[in-house]
Amino acid sequence: MQLSQFGRTFAGPSGIMDLMDDMGRALAGSEKKYMLGGGNPAKIPAVEQVWRRRITELMDTEGGIEGMLGNYDTPQGQPAFAEALSALLRREYGWEIGPEHVAVTNGSQTAFFLLLNMFSGPQQILFPLLPEYIGYADQGLDPDTFVACHPVIERIDEHTHKYHVDFDAVTAVLRSAAAGERPPVGAICVSRPTNPSGNVLTDEEVNRLDELARTHDVPLIIDNAYGIPFPHIVFDDVIPGTAEPIWNPNIILGMSLSKIGLPGTRTGITIAAPEIVTALSRANAVLSLANSTAGQIITEPLIRDGSILTLARETIRPFYRQRAEDAKAALRNAFGDDIPYSVHRLEGSIFLWLWLPDLPITSRELYERLKQRNVIVVPGEYFFFGSPDISSWDHSRQCVRINYGQDSADVRTGMGIIAEEVRRTRHASIR
Ligand SMILES: Cc1ncc(COP(=O)(O)O)c(C=O)c1O
């Protein structure tokens, strides 16, 4: 069997595949596991009740369930959904958009695959701030698809830090690309809130990136999977500024129904200029024929009457806010005063990003040891890609990502085991 370049890229081994497979295996077996690894949203009873109510309504409506299950969607998505969502965004933010600015895909992961490849080769996608979402890392058709910049790390206090965009580094890449000294940049891409760090780029940073993108005539892709207006996993009280989403015809805004609790419906949404929406719809038809309609039909009335905003702001946001505080307290308790550690300021998303600056082993090895003790986290190495200097950058091997949205007791026990293992490795290295 002779695989093509495409086959070798996507059917070959990849870090993300190893990791997902490993996690799946870790789940098998009868022992209790502490799953602080993957990206599943939390189970929030009040939110689950809303989906149950909607499905009951559909069951009670003549043709409701049949309409949801029995038809192919258009490659762009349900017209009523696009119309309701564009009206909501117009109303909330004054964006001049209509249904022609909305494209639906089977999960936003698919939209990113299409977008990152539409704007790369031979151009590169520029990620202004590492660490960045693991899910992009293996999506490029070309091995050389990505270029990424290291962050400036602000130490807020002994146990808290925050990443900032290093604009000198970003500008240097854009300038040398424009001068023909390196491959051209085809698009700039950031997740905000950021998976894995929980960082929320400041309004000023986003505005500067927007300006740079326009100056260099490339789109700015903003991945808003955790952002405002839904699921609104943004802790507005700790971030400087507003973290309101921004959009203009040069911005491609990714959204998703996954983190409001509907990952199984695979519904990704892209808000973009009509020509991008057309390009995505055409590619979507080739790749998938049509989208999954379930998420669109379940949420459409909540988007139409705006109640999805209240659900996100008043139920989902406070739930994660509390869980984030609980996780930080559990960490403090478990780590005490003897282990140096720092957490990225918890500004949004569903993850706690733990930096262990004195860790005598790599975070990949720590992950392996924790797995032996039934605690599953994600080693930080996977979130550092696109930079040739990573191997000499210790920070990239000193971090782990912890999903804190899971059961609080599990998070507490898991933190205790993480602290024990870190202590063990430190004692072993001192001896
Ligand atoms: C930052 C970010 N973007 C995109 C996705 C993809 O989400 P989905 O394909 O479920 O919409 C995820 C999933 O975890 C994510 O964390």
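**View 1. T160 sits opposite V343 of strand β11.** This is a predicted model, where local features need pLDDT of at least 70, side-chain atom pairs count only at pLDDT 80 or more, and totals for chains, interfaces and linings use all residues. Residues are numbered from 1 along each chain as its sequence is written. Strand β6 (residues 160-164) and strand β11 (residues 342-344) run parallel, joined by 2 bridges. Strands here are DSSP runs (E, at least two residues) and helices are too (H or I, at least four), numbered from the N terminus; strands pair if DSSP finds at least two bridges between them.

**View 2. Here's an open sheet of 6 strands.** Follow the order β5-β6-β11-β12-β15-β14, and you'll find mixed pairing. β5 (152-157) and β14 (378-379) stand at the edges with a single partner strand each, so one side of each has no neighbour in the sheet.

**View 3. Helix α3 (residues 45-60) crosses helix α12 (residues 307-335) at roughly 145°.** Their axes come within 9 Å. Axes are lines fitted to C-alpha atoms, for helices over the stretch in contact, with angles from 0 to 180 degrees between N-to-C directions. A46, V47 and V50 of α3 meet L311, T315 and I316 of α12; contact puts C-beta atoms, placed from the backbone, within 7 Å.

Technical notes
Contact = placed C-beta atoms within 7 Å.
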